[in-house]
Amino acid sequence: MSLVENFRNIFKIEELKNRIFYVIGILMVYRIGSFVTLPGVDATQLTQQAGDASSLLGLFDMFVGGAFSRAGVFALGIMPYITAAIIIQLMGAVVPYFQKLQREGEEGRRKINRLTRYGTVGITLVQSIGFAINLMATSPNAIVVSNFTFVLTSMIILTAGTTFVMWLGERISDRGIGNGISIIIMIGIIARLPASLINEVTTKGNLIIVIIEIAALILVIAACVLLTQGVRKVPVQYAKRVVGRKVYGGTTQYLPLRLNAAGVMPIIFAQSIMFIPSTIGTFFPNNETVQMLTAWSSDFTGITYSIIFGIIVVFFTYFYTAITVNPREMADTMKRQGGFIPGVRPGNQTVEFIDNILTKVTLPGSIFLAIIAIMPAIVARMGVTPGFALFYGGTSLLIIVGVALDTLQQIESHLMMRHYDGFMKTGKMKGRRRA
């Protein structure tokens, strides 16, 4: 069956069709809101002073679909929610109260989600002040009201805008397809691709060079897919059990240890830390000393920025893998189900064996992830325009690849449940049932 026919099958399923149209409607609302300018701002003045794509604020602007440079009501996008979720997750590794909530199942998740929402509001209030101060310093002609009024209204409207975007993401997760927060970030990134590609073509003026750059981008995307899907399979043997007249077990299955178990989170962690110096700089735009100390963090193409960023990515890959993948829990689960790794005794030896393999697998994964993270800086220094270079790696590319694979997997599950061929018949989607 052709790929076109598989697309048709998607719209033959009423529930799946409704979910897709619902997601499209939500994303249209989000994109329209990103073009609504804050009250008290002259949009024509902002157009003349658009953000530089090579700066860290330009990178942030890409995540929110250009709303930051347009001073839109969604200028901060969903990023404060991501920051709050990261903080809560890190606290779950060290604070007993949050560790208890993580073990309480559904009730604990509801409490964690509520705390994350409260944290999002607090972070947005702080970031909105920095946004207003930075806008008044960089585009004073665009502000048509008093400074106090602008700061106050910006705090209220930006906080409300981020809260509304968070609500839109939750609606997509509940009634749509995939993780709503991730889809909103992905659509903001993709929205900048056409303009960046057109700018690259007009800047280069040589179609052959642009074709070579696009071919290189496709290769990088393929490498990201391999990184995302790569696993190390550890064989697990299950003993036979006789229950009545039925025999259970006696089969060999595999424990998949992902090459990149941390996903995109190490880059997001590292990116959040790299945002700190530039955020401090926005509060003191006229202080030459502060600007000099934070200048290195505002240029993602710089060598210093790339080295520090890569090291932080490697560190957080190990850190996040350690707090999300628990070898002892895996060993206990195997032991309860009558499973064992051939040649390894159950218990502590199994824990050490899994931990040893996980450490070895994570090393090349973390290095590869660091290379992907600094790839935009590498290609930018090779002559690619900064706006288009952002699509060659980093958080943007991994988010696009990860969200696309997750969405395809969910569509695949809907199709397979209704006895249709999978969305990618010859592919190896993780959601595909195997004979």
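## Terms for the pocket lining

In this report, Ala, Val, Leu, Ile, Met, Phe, Trp, Tyr, Cys and Pro count as nonpolar, Asp, Glu, Lys and Arg count as charged, and the others, Gly among them, count as polar. The structure is a predicted model, in which local features need pLDDT of at least 70 and side-chain atom pairs count only at pLDDT 80 or more, while totals for chains, interfaces and linings use all residues. Residues are numbered from 1 along each chain as its sequence is written, and side-chain values use heavy atoms, with hydrogens and water left out.

## The largest pocket

Rolling a probe the size of a water molecule over the atoms shows where empty space is left. Here the search runs on a 1 Å grid over the protein atoms alone: a cavity is a set of points where a 1.4 Å probe fits but cannot get out, and a pocket is an open set with protein on both sides within 12 Å along at least five of seven lines. Grid points are joined across faces, edges and corners, and a volume is the space filled by probe spheres set on the points.

The largest pocket has a volume of about 1,600 Å³. It is lined by 50 residues, of which Gln89, Asn179, Ser182, Met265 and Tyr320 are the closest to its centre; a lining residue has an atom within 4 Å of a point. By class, the lining of this pocket holds 24 nonpolar, 20 polar and six charged residues.

## The chain as a whole

The protein chain has 18 helices and five strands. Both are DSSP runs numbered from the N terminus, helices being H or I with at least four residues and strands being E with at least two. Of the 435 residues in the chain, 44% are buried; buried means under 20% relative accessible area, exposed means over 50%, and partly exposed lies in between (1.4 Å probe, protein chains only).

The accessible surface of the chain comes to about 22,200 Å², and carbon and sulfur atoms account for 64% of it. Accessible areas come from the Shrake-Rupley method with a 1.4 Å probe, and for residues only the protein chains shown count as cover. Among contacts with a separation of 6 or more, 69% join residues 24 or more positions apart, where contact means heavy atoms within 4.5 Å.

## The sheet

Strands of a sheet pair through backbone hydrogen bonds, either parallel or antiparallel. Three strands form an open sheet in the order S4-S1-S5, with antiparallel pairing. Strand S4 (252-258) and strand S5 (339-340) are at the edges with a single partner strand each, so one side of each has no neighbour in the sheet. Two strands count as paired if DSSP finds at least two bridges between them.

S1 (residues 231-238) pairs with S4 over seven bridges, and Arg232 stands opposite Leu257 in S4. The pairing of S1 with S5 has two bridges. Here Gln237 stands opposite Phe340, and Tyr238 stands opposite Gly339. Tyr238 lies in S1 and counts as buried at 16% relative accessibility. Its C-alpha atom is 8.5 Å from that of Met334, 96 residues apart along the chain.

## Buried and exposed residues

Helix H9 (residues 180-190) is largely enclosed by the rest of the structure, because eight of its 11 residues are buried. Among them are Gly180, Ile181, Met186 and Gly188. Ala75 is in the loop between helix H4 (56-63) and helix H5 (79-94), and its 0% relative accessibility makes it buried. Ala75 and Phe63 are 12 residues apart in sequence, with 9.9 Å between their C-alpha atoms.

Leu226, in helix H11 (residues 207-229), is exposed at 63% relative accessibility. From C-alpha to C-alpha, Leu226 and Leu259 are 9.3 Å apart, and 33 residues separate them in sequence. Ile32 belongs to helix H2 (residues 14-33) and is also exposed, with a relative accessible area of 56%. The C-alpha atoms of Ile32 and Gly72 are separated by 9.9 Å, while the two residues are 40 residues apart along the chain.
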